[in-house]
Amino acid sequence: MDFNIDNLWVLQVGGQEVWITRTILNTWIIMAFLIVAAIVINVLLRNPSSTPKGLQNAMEMIVEVFDGMLKTAIDPGIMYVGNWYFSVFAFILVSNFSGVLGFRPPTADWATTFALAMATLILIQVVGIRHRKGEYIKEFFSPNFVFFPLNLIGELARPISLSFRLFGNILGGMILMTLVYSLAPIFVRIFFPVFLHAIFDIFFGALQTYIFCVISLTFVGAAAGVVSGNAE
Amino acid sequence: MSILTLAAALPEGRAFALDLQMFISVGIQLINACILAGALSFFLYKPVRNILQARSEKIESQLSKAETDMLEADRLKAMYSEKLEDIEKERLAILDEARAEAAQNIRQMLDDCRRDVTGIKERAFADVQKEREQLHLEMAKYILDVSMTMAGKFISHAIDQETQDRIFQEAISELETVPWQH
């Protein structure tokens, strides 16, 4: 029974040790899977039909559903963030589902979730400054410049809370599954884990992916001053 | 850059820690996420969105064209309806005009006929009058000739030729002054 993240290799980069963890390796595997799948799909969709069917239909449905999710959270004016969130959504979803195959989900490592949350923080600042310029920066000093530290902490708290929500949920599910596999009697381990995988890896995995993306999108939308189709 | 792969050299794994290695992992994951975002965006998301956009633009243009065609059809329909109404009005106007012209022509013809008839009648009356006068004159001449013949036969025995001519002239003069009864 081990919940720890193994270190697989240690690199020396400019005199600094860099640990290559199982999370990073699993991330690369998932990335490779997603990129190869994307390339294959791209090749297969080179000559799209005007009446979609099969793979084209499925991909169009996925993108349309995803765009629909974007539209519920942000204004069409900042739909360009969809490129980023599509890959984040796909990565988190596949990571969460990878638990079914016995992988240690990369999202069960705070480094992954915090990295994604930090990306959200960067995106919030970029979108906020791009759309509202000085007005956005001014918000850090409102209602008075004395509140700047509090506003800054509030801003930094967003990605931290976002990262811990996803990390905690996935790690919790993984711990439960590990406990079941380690401690439950052999006859329980045959069928029972199927339901637990369905709940913790599939259902909660999909749910947490959705929650992470929607909350993150809401932050970005609020920074741009346009949330859920209502321009300020 | 050297890689240490000896198991003994590998640090022990951990579930969570807030140290430099964790933040290095965060950095690596951030780079991984950016690479993945770029790749998925380039190979999958954008192409599929382009397909969808191209289709929706095509459908939009078809709808727009259909709408334009519908408007054009409505406009043509209205124009043809108006033309049909105009044709009906024009037909009625032509008919009214033709009727009025026909009525005018009829009146004109009737007037001409009446005028002609009156003229013919007047000329006929004049001719009749003339013929009657001529007849009376010829009749008078005939009577006079007969009378003269009779009188000549009667008087030839009593008067000479000179007296006879004088009497004849006097009789003619009297006859010219006598008003003829019609």
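Helices are DSSP runs of H or I with at least four residues, strands are DSSP runs of E with at least two, and both are numbered from the N terminus. This is a predicted model, in which local features need pLDDT of at least 70, side-chain atom pairs count only at pLDDT 80 or more, and totals for chains, interfaces and linings use all residues. Residues are numbered from 1 along each chain as its sequence is written, while chains are lettered from A and ligands numbered from 1 in the order in which they are written.

**View 1. Chain A has seven helices and four strands.**
Follow chain A along its sequence and the pattern reads β-β-α-α-α-α-α-α-α-β-β. Along the principal axes, its C-alpha atoms fill a box of roughly 60 × 55 × 40 Å. Of the 232 residues in chain A, 36% are buried. A residue is buried if 20 or more other C-beta atoms, placed from the backbone, lie within 10 Å of its own; it is exposed with 12 or fewer, and partly exposed in between. Two residues are in contact if their C-beta atoms, placed from the backbone, lie within 7 Å. Take the contacts in chain A between residues at least 6 apart in sequence: 68% of them join residues at least 24 apart.

**View 2. Chain A meets chain B.**
Here 45 residues of chain A are in contact with 37 residues of chain B. The elements of chain A that give two or more residues to this side are strand 1 (7-13), strand 2 (16-21), helix 1 (22-44), helix 2 (55-73), helix 3 (82-97) and helix 4 (110-132). Helix 1 of chain A gives the most, with 10 residues. By class, the side of chain A that touches chain B has 31 nonpolar, 11 polar and three charged residues. Ala, Val, Leu, Ile, Met, Phe, Trp, Tyr, Cys and Pro count as nonpolar; Asp, Glu, Lys and Arg count as charged; the others, Gly among them, count as polar.

**View 3. A:Thr23 sits in helix 1 of chain A.**
Is A:Thr23 buried or exposed? A:Thr23 counts as buried, because it has 25 C-beta neighbours inside 10 Å. Leave out residues up to four places away in sequence, and A:Thr23 touches A:Ile5, A:Pro106, A:Asp109, A:Ala111, A:Thr112 and B:Ser25. A:Thr23 and A:Pro105 are 82 residues apart along the chain, yet their C-alpha atoms are separated by 7.2 Å.

**View 4. Helix 1 of chain A packs against helix 3 of chain A.**
The angle between them is about 120°, and their axes are 10 Å apart. Axes are lines fitted to C-alpha atoms, for helices over the stretch in contact, and angles run from 0 to 180 degrees between N-to-C directions. The two helices are therefore oblique to each other. Angles under 35 degrees count as roughly parallel, over 145 as roughly antiparallel, 65 to 115 as roughly perpendicular and the rest as oblique. Which residues of helix 1 of chain A meet helix 3 of chain A? A:Ile30, A:Phe33 and A:Leu34 do, and across from them are A:Ala90, A:Phe91, A:Val94 and A:Ser95.

**View 5. Helix 3 of chain A is mostly covered.**
Of its 16 residues, 14 are buried. At 1.5 Å a residue, helix 3 of chain A should span 22 Å, and its end C-alpha atoms are 22 Å apart, which agrees. The expected span is 1.5 Å times one less than the number of residues.

The 23 residues of helix 4 of chain A should span 33 Å, and its end C-alpha atoms are 32 Å apart, which agrees.

**View 6. Helix 6 (residues 148-183) and helix 7 (residues 188-224) of chain A pack together.**
Their angle is about 175°, with axes 10 Å apart. Helix 6 and helix 7 of chain A are therefore roughly antiparallel to each other. The residues of their contact are 15 nonpolar, five polar and three charged.

**View 7. B:Ala37 lies in helix 1 (residues 20-155) of chain B.**
B:Ala37 counts as buried, because it has 20 C-beta neighbours inside 10 Å. Neighbours within four places in sequence aside, B:Ala37 is in contact with A:Asn83, A:Trp84 and A:Ser87. B:Gly38 is also found in helix 1 of chain B. With 14 other C-beta atoms within 10 Å, B:Gly38 is partly exposed. B:Gly38 and B:His136 are 98 residues apart along the chain, and their C-alpha atoms are separated by 139 Å.
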